[in-house]
Amino acid sequence: MGAEIVVIGGGVGGTIVANLVAKQTQGRAHVTIVDATGIHVYQPGFLYVAIGLEQPAALQRPESQLLRHDVSLVIDGATRVDAAAHMVLLESGRRLQYDHLVLATGSRTMMGEVPGGLGAYDFYTLAGAKRLFAALEAFNKGTIVIGVAGIPYKCPPAPVEFAFLLDDYLRARGIRDKTEIKLLSPLNRAFTIEATSKLVQPILAERGIELTGFFNVESVDPVAKTVTSLEGETMGYDLLILVPPHRGQQVIESSRLGDERGWVPVDKNTLKHAQLPDIWAIGDTTSIPISKSGSVAHYEATVAAAEIAAEVKGEAPPAHVYDGKVMCFLETGQGKATTIRFDYDHPPVSPSPARRWHWAKALFNKTYWHTVPQGRLP
Amino acid sequence: MSITIATTLDLKGLSCPMPIIKTAKAMKALAPGDLLEAFATDPGSVPDFMAWARATGNPLVESTQDGAVFHFILKKKEI
């Protein structure tokens, strides 16, 4: 009998790992992927749903359609990992024994942690993006404030990107001159990365998007319609959009596999758990201080899969480790976009915004379903 | 002259913007005039601490470097 590989989480990272391990072990391992819904969701599409440029149905497919035929899919919630017994406990009461375990559980959003935060809108869940679009459609004039209520959060460029897309949306509706867009940033610049900030700040100014620095959202008063920062500043709004605080999934916390926010400590190159050598974690799940994004989950998944396959086959660990590679697109509105690329050893670079990057992003979004989950892209 | 530090933060290993956010949270709990000391390894924290102090009015009393570790002392502003 072959090795038992269990992957928890059917997002981008988990699906790639499952497919690649099954492919690379050539029948010497049995791969099981556990997912609570059995529906694969393409999260980078949420911000387009929020401005009506994408339909929610286009962002979801059954996970079973994205898996190799030799990967078993278990649609069930994972409640606890018993690392000592090499066992995953499921909601149904079922137990899965593993030789190698991959935690690809991702993150969850916690708007309730922000006092008054439930009065804000967000585009970090599909339901949130749909609700925000309905609110924007009913919006005719006033002040829209976009802020960040917790770090780390998924897709670091998203607030800036959303501000640009919102500007386009309001112009198309003919109400931009009756609307103020205010972008609140945790630092004194638009974005954590200095080089990208220098590129996007003049475009923000050009579009009349007001940037307020060092405004780390602490609380919201939905009745007075004000948002207050840790730094003690208060700002009024008519419509508030917040990036919610994130934390690791409950199964990580219940299994005591993570830190105080539920992020799993792993080696930043091998992605192996700091204490448990038969457990890997990838993507949003880890505590590695790197972007929580689909591209990171993708690159990390290929590394973890090769390591697991080598162990199953009794081979030496692969020479290629995760080098901190991140690649993000950033829409700058009016049909243009830029990219942000970096790794542990190379600082971020961003080309001047151009139409070709916008089309590259659109093409990637469309071809995703046939390339990424299957591990067809390196 | 000896100074009394009200809070010490170990921000080593954290990358931008976490050092500033953890500092902003900790400063909120201090009384006016209290001192906060922070140790960080992110080189970007040096300009970020200077800019944060300027923007919020909480003086940066000290900014030094010992090898790869940056040391900051901030004073909570008087109201």
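**Strands and interface**

Tutor: Start in chain B: Ser63(B) stands opposite Phe72(B) in β4(B). This is a predicted model, where local features need pLDDT of at least 70, side-chain atom pairs count only at pLDDT 80 or more, and totals for chains, interfaces and linings use all residues. Residues are numbered from 1 along each chain as its sequence is written, chains are lettered from A and ligands numbered from 1 in the order written, and side-chain values use heavy atoms, without hydrogens and water.

Student: Which way do β3 and β4 of chain B pair, parallel or antiparallel?

Tutor: Antiparallel, over six bridges, with β3 at residues 60-66 and β4 at residues 69-75 of chain B. Strands here are DSSP runs (E, at least two residues), and helices are runs of H or I with at least four, numbered from the N terminus. Two strands pair if DSSP finds at least two bridges between them.

Student: And what does Gly67(B) do in that hairpin?

Tutor: Gly67(B) takes a positive phi near 65°. The hairpin has two residues between its strands.

Student: Switching to chain A. What's the strand order in the open sheet of four strands?

Tutor: β13-β12-β11-β17, with parallel pairing. The edge strands are β13 (209-212) and β17 (239-243) of chain A, each pairing on one side only.

Student: How many bridges join β11 to β12 in chain A?

Tutor: Five, between residues 142-148 and residues 179-184. Gly142(A) stands opposite Thr179(A) there.

Student: OK, the interface. How many residues of chain B are in contact with chain A?

Tutor: 15 residues of chain B, against 13 of chain A. Contact means heavy atoms within 4.5 Å.

Student: What area is buried between them?

Tutor: About 1200 Å², with carbon and sulfur atoms giving 70%. Buried area is the accessible area (1.4 Å probe) that two parts lose on being put together, summed over both. Pro17(B), Ile21(B) and Lys28(B) supply 32% of what chain B buries against chain A, more than any other three residues.

Student: What does Lys28(B) meet in a salt bridge?

Tutor: Glu218(A), side chain to side chain, at 3.3 Å, N to O. A salt bridge needs a side-chain nitrogen of Lys or Arg within 4 Å of a carboxyl oxygen of Asp or Glu.

Student: Which elements give two or more residues to chain B's side?

Tutor: α1 (18-28) and α2 (45-56) of chain B. The largest share, six residues, comes from α1(B).
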